[in-house]
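This report concerns the aromatic side chains of the structure shown below.

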Amino acid sequence: MPTLTLALKDLRLLLRDPRSAVILLLMPVVLILVLGLALGEGFGEKPDDRLRISVVNLDRGLPRPQPFPPKPWSEVVLDDISAAGDIRVEVIPDRAEAERLISRGQRAAVLVFEPEFSERMNRTSFLTHGDPPPLNPLGRDGVRLDDVGLTLLTDKTQPVAASIIEQVAQVTMLRVVVPWMIGRAFERVGDEPFMAAVAARLADKPVSSDVLKELDPAVQKLLDALLKDPDFRDMMKKKFGLLAGTIEGQMPAFRELVKQAFRSDAITERVGKSLALGEVMTPSVRKEVGPKVQDEVQELFSNYDFRAKTWAGLTKSRAREGSEKNRTTFTAGEGSGLLKRGAVRYQVLVPSYTVMFAFFLVLTVGWLFVAERRHGTLVRLRAAPLSRGQILLGKLLPCLAVSLFQGFFMLLAGKLVFGMNWGSQPLLLLPVVVCTSVAAVGLAMLVASVARTETQVAVYGTLLVLVLGGVSGSLMPRDLMPEQMKRVSLVTPHAWALDAYSQLLGSPTPDLSVVTTACLALLGFGAAFLALAWWRLDLE
């Protein structure tokens with residue numbers, strides 16, 4: 001009860017001090033407001049070394065499902081782009097937004113997949129005729145993007161950046177289109193329409209003398225096998241009766257006669273004119289020969305798989321899967337209205353100044369201790385039946401209450417005034433605010449236990465808060481700091497608090513282990529500061 005009475009007394013003193021409200025509540029809001037209006041759109045966006053490819057996907061997809069591709073062609077292209085680790089795909093919701101970004105110089109180029117993109121891609125082919133009509137998109141400079149329904153919006157004032165994005169699009173489209181066209185063309189090699197077309201072209205071409213001469217061994221084998229067949233021998237007996245034996249006996253001479261005829265240029269030339277090569281390629285012959293033609297072409301170029309319809313399949317290399325980590329959705333980072341509410345910069349400014357001004361509590365607490373020393377209150381407390389720990393706890397509780405109120409007030413102001421997003425797990429902000437307040441109160445108690453005059457409080461407190469704020473990254477985004485400086489900044493409680501806020505407010509999937517570690521570190525700082533304050537506390 002004495003501790004609670006002491007805490008309530010100090011809380012009334014803190015609430016009566018107008019400097020507390022100005023320093024802890026008004027100043028951070030004003031600074032955030034001024035910086036939010038002054039800073040550009042890019043402030044607050046995490047630096048990314050990957051090349052950004054912005055796209056608008058209006059593709060309707062394929063009218064009917066088919067074995068390949070099992071998804072819209074635009075998704076096939078985006079998977080190929082996002083498979084590269086050094087490229088980030090940014091999906092913009094509509095063409096109007098893309099054109100606005102281009103006109104304002106915020107994007108050098110944007111790829112727009114038109115509604116008919118999949119339908120046109122499905123028609124790309126090396127063939128001349130077909131149903132639907134084939135489309136050849138290949139030209140001197142690569143793929144004619146407009147032919148396949150891929151529009152490239154460019155900012156004429158950024159030709160270099162736009163050309164880089166165009167080349168990325170060209171390389172990707174070549175990797176997607178060429179294997180598809182080769183695979184479709186190779187399916188036609190040796191198929192029935194292909195072989196029928198070959199037979200039609202040979203329909204008027206007579207069999208040459210050389211061809212007939214080369215066919216003689218095959219004819220001899222055919223006659224030999226026919227005469228040895230028991231069913232054929234029975235057929236001869238039924239047809240010719242007793243003459244069958246005579247005929248069979250004369251067959252060797254007949255075969256020799258056929259051989260001599262095939263050797264005669266005059267005979268083979270006359271006989272060949274009566275037979276066209278196309279007649280030899282009957283449907284059954286075409287059915288047997290066609291697949292073998294395709295197999296032999298594939299075997300001849302065995303380093304490639306012409307049946308595949310992807311670049312990895314064509315080149316027999318390891319396939320690269322599209323990565324969702326390399327895809328992001330465009331968010332309007334500049335915000336709206338006079339205050340630019342909802343701008344990305346507030347996701348950095350609000351937590352940064354919430355953390356930094358939480359530690360400005362050292363001034364308020366320090367002045368409170370100095371006033372009590374001047375008025376002799378601390379001496380009277382020493383005479384009271386209170387231990388040093390009870391006195392410290394009585395001083396700590398009102399400071400913690402004020403700090404918690406400040407932290408929640410700043411987050412609420414960030415939401416209502418600046419349109420800040422509380423992230424995907426807003427409830428986890430509660431332990432971060434509490435742990436930050438514990439560290440801030442601990443440091444405030446430590447400074448208050450050391451300082452003896454208001455001047456000392458102002459000098460020690462302000463210098464300490466500003467130095468820690470600068471080292472930790474409260475005055476500038478931590479993502480812009482060198483890696484070595486980031487590691488050094490972890491000697492401050494501010495840095496741990498900022499890391500926790502960065503996960504919760506800046507990432508759609510926060511790493512809870514980082515948040516937990518940061519909270520434990522803040523509690524450790526608070527415990528260490530309070531231990532030193534208890535040791536240094538002088539009630540004289």
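## Aromatic contacts

The charged end of Lys 415 lies 5.5 Å from the centre of the Trp 422 ring and sits over that ring (NZ of Lys or CZ of Arg within 6 Å of the ring centre and within 35 degrees of the ring normal). The model is predicted, with local features requiring pLDDT of at least 70 and side-chain atom pairs pLDDT 80 or more, while totals for chains, interfaces and linings use all residues. Residues are numbered from 1 along each chain as its sequence is written, and side-chain values use heavy atoms, without hydrogens and water.

| Pair | Centre distance | Plane angle | Class |
|---|---|---|---|
| Phe 186 and Phe 306 | 5.5 Å | 50° | tilted |
| Phe 405 and Phe 409 | 6.1 Å | 20° | stacked |

Phe 186 belongs to helix α6 (residues 159-188) and Phe 306 to the loop between α13 (283-300) and α14 (311-315), so their pairing ties together parts 120 residues apart in sequence. Helices here are DSSP runs (H or I, at least four residues), numbered from the N terminus. Phe 186 is buried at 5% relative accessibility, and Phe 306 is buried at 15% (buried is under 20% relative accessible area, exposed over 50%, partly exposed in between; 1.4 Å probe, protein chains only). Phe 186 and Phe 306 form one aromatic cluster with Phe 301 and Tyr 304.

Helix α18 (residues 388-416) holds both Phe 405 and Phe 409, 4 residues apart, about one turn of the helix. Phe 405 is exposed at 53% relative accessibility, whereas Phe 409 is partly exposed at 31%.

Note on methods. Rings of Phe, Tyr and Trp (its six-membered ring) pair if their centres lie within 6.5 Å; planes under 30 degrees apart count as stacked, over 60 as edge-to-face and the rest as tilted. Helices (H or I, at least four residues) and strands (E, at least two) are DSSP runs, numbered from the N terminus.
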